[in-house]
Amino acid sequence: LPANTVGGVQLPQDTVAVAVAGNLPAASIVAKAVPSVAAGSFAGVSAQNATNADALVPLAPGTALTQANDTFLLFVSEANPVAQFLVTGPGSSFDPRKMLFADQVNDNLPVAIADAVVSCGNSSTVSSVGFTGQGGSLATAQPITTSIFATPGGSLGDLILSAPQGITADITADTIIGNIDAVNGGISGTIQTKGDLGRTITDINGNITRVTYVHAGGDLTGQILVGGNLVSQVNLAGELEEDAVIAVQGDIGAVQTSNGIVVTRPDGSLIRFGGINVLGELEGQIVAQGNAFGDINAFGSLSGRIGVNGNEEYGLSAGKNFSRTGILGNVSIVGGIQTSGAIVSAGLLGDDGSNNINNDTAGTHLSISGNDKGILAAVEDINFGATGSLNQKGLFENVGSPTAPKYAGGANTAAIDAIFTDHGVLLDVTVPSELALLLQDLLALHVNNKGNLTGTTP
């Protein structure tokens, strides 16, 4: 091109969105109108620091704004984040609620993004955000109404979503490696992954220092469905509502391992991370086909149900005279257990870390403040901490042992095992019909007039 050729975008008769991964110089966009602009920097102002006023600087005089109503394409690399500004109203300004995208995986490959914006009258909203690639991340106060997803083979990084209505969109990806934060509201959508949700963060020696997190500033009314392990710490500032479900095919939390074998402290206790904290009432269901390594805490009452199957892994039971599986973290119910509430483990409920199943002072415990009116059932030992009065009719401890008072010829163990299986086949919580069977059995579990557990279907 001739040396005096003008650079930038020169489309004075067109309405166009502009997206670059690098810098947009001042007055570099000549267009009829612009509904969206995205860049790594705006006339030298970085994406992280840019405001909607900075987004106007690259527009040449005479370039107008127009309300967004389209699917916009952009990309980001690990070199720097990219900020997108949208025109969500009929006025002559960009919405101050920018969408800040990042690529959090150092694979020398960019992440492509497609966000669909729909208009209704004088207002436009972001319907969906799709990522192609590894580690696509988004931080925004813009409401995302329908979906956030990574295309098959991809993964999601951090999703920091601060709209006051919380997370209403469904979030799906093969794996999710980042944090998920509904900063100012609850989670009413479904978060689902075929693999792990979250990851461990380690030091240079491979020691776990922390895990990622899932946070809601309000209630969980939706679902969290995990095909792998729920590694992230889940913190709910509100309630786990009656219809809400956290279902995990693998483990809740993580433990320190070395060469695939669990690492223990000198007293035999596990080095554990992750778990679930509910600051309000726990009215819904928490289920895991693997082990619960992380603590499960409800600061209100438990009227819902917790069911953990357990899985022999990492050499957990090596050198033990019992199977060290099931609920291996602490369970604390501050507000007591209602008549509809239940905690069920096909292994242990609390882990004393030794071969002495009566060593109830060690390890992790089941602790209950207030009264227990529900069902507490474990195929193996229940390691009690401090409790109020226990419902003896609903207490089933060590029912897998023929010497236990409530062995009942194996009937109580069979009732517990049936929750997690269908005719002996392990149920997959990521398959809706199979999750429905598991929840149906968990909710149907009750004590019959003979004092035994019943209600589940083999």
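Predicted model: local features only at pLDDT ≥ 70, side-chain atom pairs only at ≥ 80, totals over all residues.
Visitor: Which residue in S6 does Leu-24 stand opposite?
Guide: Strand S6 covers residues 41–42, and S3 pairs with S6 in the parallel sense over two bridges. Within this part of the sheet, the residue in S6 that stands opposite Leu-24 is Phe-42.

Visitor: Which residues touch the most other members of the largest nonpolar core?
Guide: In soluble globular proteins, nonpolar side chains tend to be buried together. The largest nonpolar core here has 69 residues, while a second, separate core of 25 residues includes Val-399, Ile-416, Ile-419 and Leu-438. Leaving aside residues up to four places away in sequence, Ile-343 touches a set that includes Leu-302, Ile-327, Leu-366 and Ala-377. The members of the largest core that touch the most others are Ile-246 and Ile-343.

Visitor: How many charged residues are there in the lining of the largest cavity?
Guide: A search of the whole structure finds two cavities of 30 Å³ or more, and the largest has a volume of about 50 Å³. Among the residues that line the largest cavity are Gln-142, Pro-143, Ile-148, Leu-161 and Thr-168. By class, its lining has seven nonpolar residues and four polar ones, and the number of charged residues is none.

How values were computed. Residues numbered from 1 in each chain as written. Heavy atoms only, no water. Pairing = 2+ DSSP bridges. Helix = DSSP H or I, 4+ residues; strand = E, 2+ residues; numbered from the N terminus. Core = buried A, V, L, I, M, F, W, Y, C linked by side-chain atoms within 4.5 Å. Buried < 20%, exposed > 50% of the residue type's maximum accessible area, 1.4 Å probe, protein only. Contact = heavy atoms within 4.5 Å. 1 Å grid on protein atoms, 1.4 Å probe; cavity = no way out; pocket = protein on both sides within 12 Å on 5 of 7 lines; lining within 4 Å. Points joined across faces, edges and corners; volume = space filled by probe spheres on them. Nonpolar A, V, L, I, M, F, W, Y, C, P; charged D, E, K, R; others polar.
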